[in-house]
Amino acid sequence: DINLDYITYRWNQEEEKKISTEDETQVKIETTIDSLKEENVLTVVAVDGKGNSTTETKKFIGVLEPEIVVNLFE
């Protein structure tokens with residue numbers, strides 16, 4: 001398993017928000033992100049303890065609770 005360091009997310013071009021892990025052995029981060037009405041783009045970046053990162057971007061249209069999964073590989 002790969003240990004996560006933190007994730008960031010942002011809607012459209014708004015300010016990025018960061019969520020850090022609670023401990024350095026954490027391999028999964030779960031959070032609820034409030035959705036926006038109408039068409040919007042959500043970008044999530046996951047960073048592991050070694051500084052490797054992966055980015056996932058998805059467009060949502062009026063979704064109440066979008067689900068996005070980011071897999072980080074070495």
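## Burial and Ala 46

A residue counts as buried when its relative accessible area is under 20%. Ala 46 has a relative accessible area of 4%, so Ala 46 is buried. The model behind this value is predicted. Ala 46 belongs to strand β3.

Asp 5 is 41 residues away in sequence. In space, the two C-alpha atoms are 7.9 Å apart.

## The chain as a whole

The chain has four strands and zero helices. Along the sequence the pattern reads β-β-β-β. Strand β1 covers residues 4–11, and β2 covers 17–20. Strand β3 covers 39–48, and β4 covers residues 53–61.

There are 74 residues in the chain, and 28% of them count as buried. The accessible surface is about 5,600 Å². Carbon and sulfur atoms own 41% of that surface. Now the contacts with a sequence separation of 6 or more: 46% of them join residues 24 or more positions apart.

## The aromatic pair

How many aromatic pairs does a search of the whole structure find? The search returns one. The partners are Trp 11 and Phe 60, and their geometry is edge-to-face. Their centres are 6.0 Å apart, with 75 degrees between the planes. The angle is over 60 degrees, so the edge-to-face label applies.

Trp 11 lies in strand β1 and Phe 60 in strand β4, so the pair ties together parts that are 49 residues apart in sequence. Both partners fall under the burial cut-off. Trp 11 counts as buried because its relative accessibility is 6%. Phe 60 counts as buried too, at 10% relative accessibility.

## The nonpolar core

The largest nonpolar core has six residues. Its members are Tyr 9, Trp 11, Ile 33, Leu 42, Val 44 and Phe 60. Trp 11 and Phe 60 are thus listed in this core and also form the aromatic pair.

Which elements give two or more residues to this core? They are β1 and β3.

## Thr 8 and its surroundings

Thr 8 is in strand β1. Its relative accessibility is 7%, so Thr 8 counts as buried. The Thr 8 side chain makes a polar contact with the side chain of Glu 16, at 3.4 Å.

Set aside the neighbours within four places in sequence. Thr 8 is then in contact with Glu 16, Lys 17, Lys 18, Thr 43, Val 44 and Val 45. Val 44 is one of the core residues. Lys 18 has its charged end over the ring of Tyr 6, 4.2 Å from the ring centre.

## Positive phi in two loops

Asn 12 is in the loop between β1 and β2. Its phi is near 50 degrees, a positive value in a residue other than glycine. Asn 12 counts as partly exposed, at 27% relative accessibility.

Glu 38 is in the loop between β2 and β3. Phi is positive for Glu 38 as well, near 70 degrees, and Glu 38 is not a glycine. Is Glu 38 buried or exposed? Its relative accessible area is 63%, over the 50% cut-off, so Glu 38 is exposed.

Methods
Residues are numbered from 1 along each chain as its sequence is written. This is a predicted model: local features need pLDDT of at least 70, side-chain atom pairs count only at pLDDT 80 or more; totals for chains, interfaces and linings use all residues. Side-chain values use heavy atoms; hydrogens and water are left out. Rings of Phe, Tyr and Trp (its six-membered ring) pair if their centres lie within 6.5 Å; planes under 30 degrees apart count as stacked, over 60 as edge-to-face and the rest as tilted. Buried means under 20% relative accessible area, exposed over 50%, partly exposed in between (1.4 Å probe, protein chains only). A charge sits over a ring if NZ of Lys or CZ of Arg is within 6 Å of the ring centre and within 35 degrees of the ring normal. A nonpolar core is a set of buried Ala, Val, Leu, Ile, Met, Phe, Trp, Tyr and Cys residues joined through side-chain atoms within 4.5 Å. A polar contact is a pair of N or O atoms within 3.5 Å; within protein, one must be able to donate a hydrogen and the other to accept it, and residues adjacent in sequence count only if both atoms are side-chain atoms. Contact means heavy atoms within 4.5 Å. Accessible areas come from the Shrake-Rupley method with a 1.4 Å probe; for residues, only the protein chains shown count as cover.
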